[in-house]
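Here is a briefing on one protein structure. Keep the sequence and the 3D view open while you read.

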Amino acid sequence: ATSIAIEKLWTLREDQVAPRNLLGQVFAWMKNNELDNDRLEELRKGSHLGKLFCAGLASKHQGKDAMKENIEGAARQVVHDLERYLNTLGTVAVIAPLLGLLGTVVGMIKVFAVIQLEGTGNAMVLAQGISEALITTAAGLAVAIPSLFCYRFLNGRVDALVVYMEQEALKLVNEVAPKTTD
């Protein structure tokens with residue numbers, strides 16, 4: 001869970017996924033007739049938002065609908081990449097307390113086995129067995145709580161980045177797509 005959280009915090013940095021000035025840069029390149037294949041490749045490799053822009057720009061002469069379709073296709077892959085390992089982190093958050101509870105149940109079964117053999121006269125043995133059984137629940141919760149927090153936080157970050165990228169891609173489409181006359 002810790003490794004996934006650290007990896008996602010690193011890969012979901014805004015400047016890596018959706019740089020704030022990228023659309024302005026693309027418009028500047030277009031205005032100055034500098035948007036050539038090298039710039040497009042730089043754009044594609046630079047960020048996830050750049051991939052969306054490239055998908056749209058590849059079909060800019062085919063109209064607004066074609067640009068939107070290409071961007072949506074690229075966006076599915078981008079969202080998939082952004083969400084990678086988040087389900088695993090969520091699964092850890094859900095399973096950890098269950099594993100802790102399983103350990104507690106197994107520990108309590110052992111305590112009852114001791115009661116069968118020795119009776120209830122030795123409170124120290126019972127207290128020690130119950131204490132050991134509850135440690136697994138505490139350990140499960142110690143893993144689950146931060147995992148769930150990270151999962152929710154990172155999921156929110158992905159959602160915010162996706163919304164921002166959608167808005168930027170729509171601005172690109174509205175500015176670049178050929179205008180149709182009615």
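**Cysteines**

- The model has zero disulfides, counting as a disulfide a pair of cysteine sulfur atoms within 2.5 Å.
- In general, a disulfide is a covalent bond between the sulfur atoms of two cysteines.
- Cys54 is buried, at a relative accessible area of 4%.
- Cys150 is partly exposed, at 22%.
- Buried means under 20% relative accessible area, exposed means over 50%, and partly exposed lies in between, using a 1.4 Å probe and protein chains only.

**About the model**

- This is a predicted model: local features need pLDDT of at least 70, side-chain atom pairs count only at pLDDT 80 or more, and totals for chains, interfaces and linings use all residues.
- Residues are numbered from 1 along each chain as its sequence is written, and side-chain values use heavy atoms, with hydrogens and water left out.

**Helix H3 and its buried side**

- H3 covers residues 22-31; helices (H or I, at least four residues) are DSSP runs, numbered from the N terminus.
- Which residues of H3 are buried? They are Leu22, Leu23, Val26 and Trp29.
- These residues sit on the same side of H3, because they cover an arc of only 120° around the axis. The arc is taken from the directions that run from the helix axis to the C-beta atoms.
- An α-helix has 3.6 residues a turn, so residues three or four places apart point the same way.
- The buried residues of H3 pack against helix H4 (37-46), H5 and helix H8 (123-176).
- After H3 comes Asn33, with a positive phi near 55°.

**H3 against H5**

- H3 and H5 (residues 48-57) pack at about 40°, and their axes are 11 Å apart. Axes are lines fitted to C-alpha atoms, for helices over the stretch in contact, and angles run from 0 to 180 degrees between N-to-C directions.
- Leu22, Leu23, Val26 and Met30 of H3 meet Leu49, Gly50, Phe53 and Leu57 of H5. Contact means heavy atoms within 4.5 Å.
- The residues of this contact are seven nonpolar, one polar and no charged. Gly counts as polar, whereas Val, Leu, Met and Phe are among those that count as nonpolar.

- Ser59 lies in the loop between H5 and H6, and is buried at 1% relative accessible area.
- Beyond neighbours within four places in sequence, Ser59 is in contact with Ala66, Met67 and Asn70.
- Val79 belongs to helix H6 (residues 64-83), and is partly exposed at 22%.
- Val79 and Leu172 are 93 residues apart along the chain, and their C-alpha atoms are separated by 19 Å.

Note on methods: Helix = DSSP H or I, 4+ residues; strand = E, 2+ residues; numbered from the N terminus.
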